[in-house]
Amino acid sequence: MTGLEVYIGDLRLKNPVMTASGTFGYGTEYADFIDLGRLGGIFVKGTTLAPRQGNDYPRMAETASGMLNAVGLQNKGVDYFVEHLYPVIKDYDTHMIVNVSGSTVEDYVACAEKLADLDKMPAIELNISCPNVKEGGMAFGTSCQSAAQVTREVRKVFPKTLIVKLSPNVTDVTEIARGVEDEGADAVSLVNTFLGMAIDVESRRPKLSTITGGLSGPCIKPIAVRMVWEVFHAVKIPVIGMGGICNWQDAIEFILAGATAVQVGTYNFIDPTASVKMVEGIHDYLARHHIASVKDIVGKMIV
Amino acid sequence: MQLLDFTVRSNEALNDQNHLIKVAPSGNEILPEMQPGQFVQILVDNSPHVFLRRPISVNFVDKEKNEIWLLIRKIGEGTEKICSIHQGEIMNLIYPLGNSFTLPERNGKYLLIGGGVGTAPMLFLGKKIKEGGIEPEFLLGGRSAKDILQRTDFERYGRLYCTTEDGSFGEKGFVTHHSVLKEKKYDFIYTCGPKPMMVAVANYAHEHGIECEASLENLMACGFGACLCCVEKTVRGNICTCTEGPVFNIKELFW
């Protein structure tokens, strides 16, 4: 398939369809369903310096056209990733990108340093937008100053492609985007989940153990498209768009709003083959509209 | 694991709340080997409020007919929608998912305790145990007689004991009150049903030093280990019910 190649900084993607962290495990979970090599990239589960058990059950509540989650970055820590998971996934014929989270700037830096040494790890995604951890996470992504600071410090130790994942739970997402761009981020990805909550009316108890959680799925898509469009016009670095993408039309919509590439998230749970179907759908769309390259329509909404 | 379209061969209402739906692959696919305790994730189409698939345990596998049986209780919009499916319509499944009950490795007395729609995986488990040369016994509980489902199917594989809360069938009370638990000494108990029932069964097993496995039904999003939503707190930490379970030895659980 031609015309699908895009660049995120120096990183060449064979196509603009990637899968979002926290919805795709380490890729291996999906290997029975799809050829992982057909994806532009895979963002693996949020990884922290120390292992984390995550939040108590219940961690999930279905909503109309979406779901709330409060997983809380359950993972076995970066050392376990480097020793046990990286060797299994490093030879997949796609970019494996680790989503890095932490409670302190030092955590992010230490985690990024360990990942910088891995040959086949071309990029990381700094998660400054997880709404489900008590310390750090989204706190870094909701203030310009802390978003800039964590980006600056990680930039010093991570020479490869640095993507910063932004929180939508802010008044002006473009300020944060400009802040991390100024500190050397190669790209921004957005949006992470929206802070939300749900209550069981019979028991009058919250549906999540943490009361609030992150909302994802098609219900957030119009808000995510708007934020991608705003950020596209505010920064020069590439924008990776996500938020409720279910099919190729959704992907094209994000691209027209300004996304150079997209991530498929929650919908992977419903159709584990959705991401590769999207690659074909985008290809056919380009052919039908006589567009030589997907790059030609990034941000090209007609007004 | 596969993602596959199935065609509904039949959809029978067993009572006002429970349906038995039999499905077979829509194409020429032969069903893979499945184990008792495993489940499927059903796509619920065209329902705006139902976003996620619904995990449903395998009730039975009829290899000759290449059919999976699904016993489904209508408890909300998703399961209502699934139960309204017609013969000949398509049902998309991700399957087979999860681990399975441990089949007997030696002779002994095996009791399968199910409550409500939690009896579903016990039928397939009973068949597998019987195929292994051991006759299992079943203890099924429900609110009243009409809630004791598939009785003749169960009786094909072993002795059946029942309890109902209103006393309309079998002994009156909960499964853990049944006299057979006082009269006989079992070597292994398998259980699936409402959590309070499974906790009571687990306590009985603990007290009597009986090995026991329980099948959990934690809320799930993906069903195959990607989202980490369905975790159960165990002696091994928070682990996914969908991949490490749904069947757990009660020694691993904190209840």
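**Exercise 1. State how many salt bridges the rule counts over all chains, and examine the pair A:Asp93 and A:Lys14.**

Solution. Over all chains of this predicted model, the count by this rule is 28 salt bridges.

Step 1. One salt bridge joins the side chains of A:Asp93 and A:Lys14, with N and O 3.4 Å apart. The cut-off is 4 Å between a Lys or Arg side-chain nitrogen and an Asp or Glu carboxyl oxygen, so the pair qualifies.

Step 2. Locate the partners. A:Asp93 sits in the loop between α1 and β7 of chain A, while A:Lys14 sits in the loop between β2 (11–13) and β3 (17–19) of chain A. The two residues are 79 residues apart, and the pair links distant parts of the chain.

Step 3. Classify the partners by accessibility. A:Asp93 has 56% relative accessibility and counts as exposed, because the cut-off for that class is over 50%. A:Lys14, at 28%, counts as partly exposed.

**Exercise 2. Compare the salt bridge of A:Arg226 and A:Glu230 with that of B:Lys127 and B:Glu131.**

Solution. Take chain A, then chain B.

Step 1. The closest N and O atoms of A:Arg226 and A:Glu230 are 3.2 Å apart. Both residues belong to helix α5 (residues 221–232) of chain A; they are four residues apart, and therefore separated by about one helical turn.

Step 2. A:Arg226 is partly exposed at 37% relative accessibility, and A:Glu230 is partly exposed at 26%.

Step 3. In chain B, the closest N and O atoms of B:Lys127 and B:Glu131 are 3.0 Å apart. This pair lies in helix α2 (residues 120–131) of chain B, again with a spacing of four residues, about one turn of the helix.

Step 4. B:Lys127 has a relative accessible area of 17% and is buried, whereas B:Glu131 reaches 51% and counts as exposed.

**Exercise 3. Describe the interface of chain B and chain A.**

Solution. Go from the extent of the interface to its individual links.

Step 1. Contacts involve 28 residues of chain B and 35 residues of chain A.

Step 2. About 2,500 Å² is buried between the two chains, and carbon and sulfur atoms give 63% of that area.

Step 3. The count of salt bridges between chain B and chain A is two. One of them joins the side chains of B:Arg54 and A:Glu62 at 2.6 Å, N to O.

Step 4. The rule also finds 10 residue pairs in polar contact across the interface.

Step 5. On the side of chain B that touches chain A, the elements giving two or more residues are β1 (2–13), β13 (231–234) and β14 (237–240) of chain B. The residues of that side divide into 19 nonpolar, six polar and three charged.

Conventions:
Residues are numbered from 1 along each chain as its sequence is written. Chains are lettered from A and ligands numbered from 1 in the order in which they are written. This is a predicted model: local features need pLDDT of at least 70, side-chain atom pairs count only at pLDDT 80 or more; totals for chains, interfaces and linings use all residues. Side-chain values use heavy atoms; hydrogens and water are left out. Contact means heavy atoms within 4.5 Å. Buried area is the accessible area (1.4 Å probe) that two parts lose on being put together, summed over both. A polar contact is a pair of N or O atoms within 3.5 Å; within protein, one must be able to donate a hydrogen and the other to accept it, and residues adjacent in sequence count only if both atoms are side-chain atoms. Ala, Val, Leu, Ile, Met, Phe, Trp, Tyr, Cys and Pro count as nonpolar, Asp, Glu, Lys and Arg as charged, and the others, Gly among them, as polar. Buried means under 20% relative accessible area, exposed over 50%, partly exposed in between (1.4 Å probe, protein chains only).
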